[in-house]
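Dear colleague,

I am passing on the structure below, together with notes on what came out of it.

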Amino acid sequence: MKRVGATGLGADRVDEAAAMLSILELLAGEAPSGRIEEAVRSFGDATPGGDAAEPRLERAGQLALQVHSRFARRRQREAELSALIDTARDLTLPYELDALLEIITRRTRTLFGMDMSYIATRDDASGDSYVRTSDGHASALTVGYRVPSSWGLGDKSTENNVPIWTPDYLSDDSFRHSAVLDEVVRAEGIRAIIAAPLMAGSVSFGVLYAADRNIRHFSVGDISLMSSLGGLAAVAIEKTRTLERSHSDVADLTEFRRFGELHNRLVDLAMTGSDLQTLTTEVATALDGAVLVRDVENHKLAAVGELPSIDEAEVLAALRAASARREPVVVGDDSGVWLAPVIAGGEELAAMLLHPRVPLGDTGVRRMRLTAQAVAVSLRVHRSEEAAASPFRDELFDDLLAVERRPPKQLELRAGRLGISPDQPLVVLVVRPEGGTAGRAANWAASYARRMGGLRSIQSGCISLLLPVRPDTGPATGKGAGSLARSVSDQLSVLLGHPVTVGASGPVRSLELVRQTHQEAMRCVDTLVALGNVGASASVEDLGFLGILLSDDRDAAAFVESTIGPVLHYDAQRLTELTRTLDTYFAAGGSQTNAAELLHVHPNTVSRRLERVAELLGADWSTPEKALEVQLALRLHRMHRVLSRQPGADGAPGSSSAQADRPHTSGPSAPHTE
């Protein structure tokens, strides 16, 4: 350093120009601020005390440090803007939502140089927020953690729509604290937090957080950066959500178009008269599995493939659930079989069971519901075709119930054309709908009669059904007249939404007895109403003599006929004494020996006669309940004979009083043969 004198020539003094030039060179060379400070101090040390050059050099150094600081802040700002631009560029790329959220949290943590960052999104249903994604060292603030609403920085940030920060979260009382959230912050060791709202328009859907385990005071630049980052993140998230919704809508439209094509194809098959098996084959292809369609009586209508073995009770439970929800449901817990109700116009026509090759998703469930509707259309079409012949069937039943009937041979021929054999056992049901829904019940009854191969008629506001007894619905299987009445009552009650009253009688094996059997079924209905059991079901056999005592039309002759008629006719045709033997047997207290003494016959004769009675009336004729009805029928028969003064002790056509009342003349060695 060159020095000069006191006069300006000899004394040493600092060359101000050279010193300032050195400072400018350091500043231009972007030297660290420490080197500039060191140069200023060295120039000051070289200057004698009191020299006027020292303040100017010190001022030059201060200005140089200020310029250096501004350059540093500018470079930092440029770096932040560059990072923000890079982030914005990243966020414009197409991502799935979860991948986008991971990029946002990672970029946020990197930009601020903090320990962790996370995003909490709001659940519209509960109003709370949940951690959707996180980045950094976090053990408690993991995905799915519930962030209580109306607490913490997030709530304050959302409320004011600006970033909110705190240098030390737990010691800051400027916002409302939550004990649960404070415990998590304490467990994570978090101190400084900054939060920015994520807004879609004026609606907040979440909060972006950045946190550090050290106390940190955020600058204006930090807050501005967080605000910009939150805005970019919100736009990117909303864009991704919109794209995902658009893709979902496009997928739904595509699937809807496929559903439409499938529906049109299936309905075309149904409407053009294709049989149910052809339609079921198409359904099995569309659903990629084994399919079974069965009616409400559990009879198979069509099937493609084999279903696994399933519990019938579970099927019935699934059918009830599916009918109530009008949706396909799973049968049992692990069968892998689905069941869909086949319903048309509120009437349950059948059930469709499916065993798919692959698990059935939401799309598969919708497809199964659609195919079940097509099956319902097919059944409806077939039913309409059958309905064309319905008037002829109804007319036959009306003729069978008429007082003045057509010749029996003509009725038998007409019944044969409709598939009803004259010798086939027949049951008559009388249905009384309650609640003014006879029209809907009548339509169901017509369909039911066709399925069962029977006839339907409307008589006195009630619906009458003449049903053949099939081998699988006979008394041996516990499905006689009473069981059929209960089955009809159950099905119609579900359809109509309230109980119906059903009476039943039969079976009989002659068309000539249909009218009488119908009258007995009507008396069953009257008896149920008289007993206050509206909505119940029963058969003549179920009610016994109560039908005579309680019905409005007390037809004692019909009761006698239904109870001991076979015995009366047997005596009339063979001139035997089964009726008298029965009467004497009961008068003797149920003792065959005493009855034999009263009849003056051998006990073996009484035994053989009672065996013949068992063949005619059934093996249970002597049970207490049946025996009471037989005794009542005998008493009514005897009273009717006395009051009408008809000849014949037993009231059987062609029998004489002497024949009926005379003692038997055969001795013990020659028992009378019945």
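Val567, Leu568, Tyr570 and Asp571 of helix α18 meet Leu578, Thr579 and Leu582 of helix α19, where contact means heavy atoms within 4.5 Å. Helices here (H or I, at least four residues) and strands (E, at least two) are DSSP runs, numbered from the N terminus. This is a predicted model, in which local features need pLDDT of at least 70 and side-chain atom pairs count only at pLDDT 80 or more, while totals for chains, interfaces and linings use all residues. Residues are numbered from 1 along each chain as its sequence is written, and side-chain values use heavy atoms, with hydrogens and water left out.

Helix α18 spans residues 556-574 and helix α19 residues 578-587, and the two pack at an angle of about 130 degrees with their axes 8 Å apart; axes are lines fitted to C-alpha atoms, for helices over the stretch in contact, and angles run from 0 to 180 degrees between N-to-C directions. The two helices are therefore oblique to each other, given that angles under 35 degrees count as roughly parallel, over 145 as roughly antiparallel, 65 to 115 as roughly perpendicular and the rest as oblique. By class, their contact has 5 nonpolar, 1 polar and 1 charged residues, with Ala, Val, Leu, Ile, Met, Phe, Trp, Tyr, Cys and Pro counted as nonpolar, Asp, Glu, Lys and Arg as charged, and the others, Gly among them, as polar.

Another helix pair is formed by α20 (residues 592-599) and α21 (residues 603-617), which pack at about 110 degrees with axes 8 Å apart, and that makes α20 roughly perpendicular to α21. Gln592, Ala595, Ala596 and Leu599 of α20 make this contact with Pro603, Val606, Ser607, Arg609 and Leu610 of α21, and these residues divide into 6 nonpolar, 2 polar and 1 charged.

Turning to the strands, an open sheet of 5 strands has the order β13-β14-β12-β15-β16, with mixed pairing; two strands pair if DSSP finds at least two bridges between them. The edge strands, each pairing on one side only, are β13 (455-459) and β16 (537-539), and neighbouring strands of the sheet are turned by 20 degrees against each other on average, direction ignored. Strand β13 runs antiparallel to β14 (residues 462-468) and is joined to it by 5 bridges, with Cys462 in β14 as the bridge partner of Gln459. Helix α14 (residues 481-496) packs on the sheet, touching β12 (426-433), β14, β15 (500-508) and β16, and its direction makes about 150 degrees with that of β15. Helix α15 (residues 514-530) also packs on the sheet, touching β12, β13, β14, β15 and β16, at about 145 degrees to the direction of β15.

Strand β12 pairs with β14 in the antiparallel sense over 6 bridges, Leu429 having Leu465 in β14 as its bridge partner. Strand β12 is also joined to β15 by 7 bridges, again antiparallel, and Val431 is partnered there by Val502 of β15. Because 7 of its 8 residues are buried, β12 is largely enclosed by the rest of the structure; buried means under 20% relative accessible area, exposed over 50%, partly exposed in between (1.4 Å probe, protein chains only).

For the protein as a whole, the secondary structure comes to 23 helices and 16 strands, and 43% of the 674 residues count as buried.

Best regards
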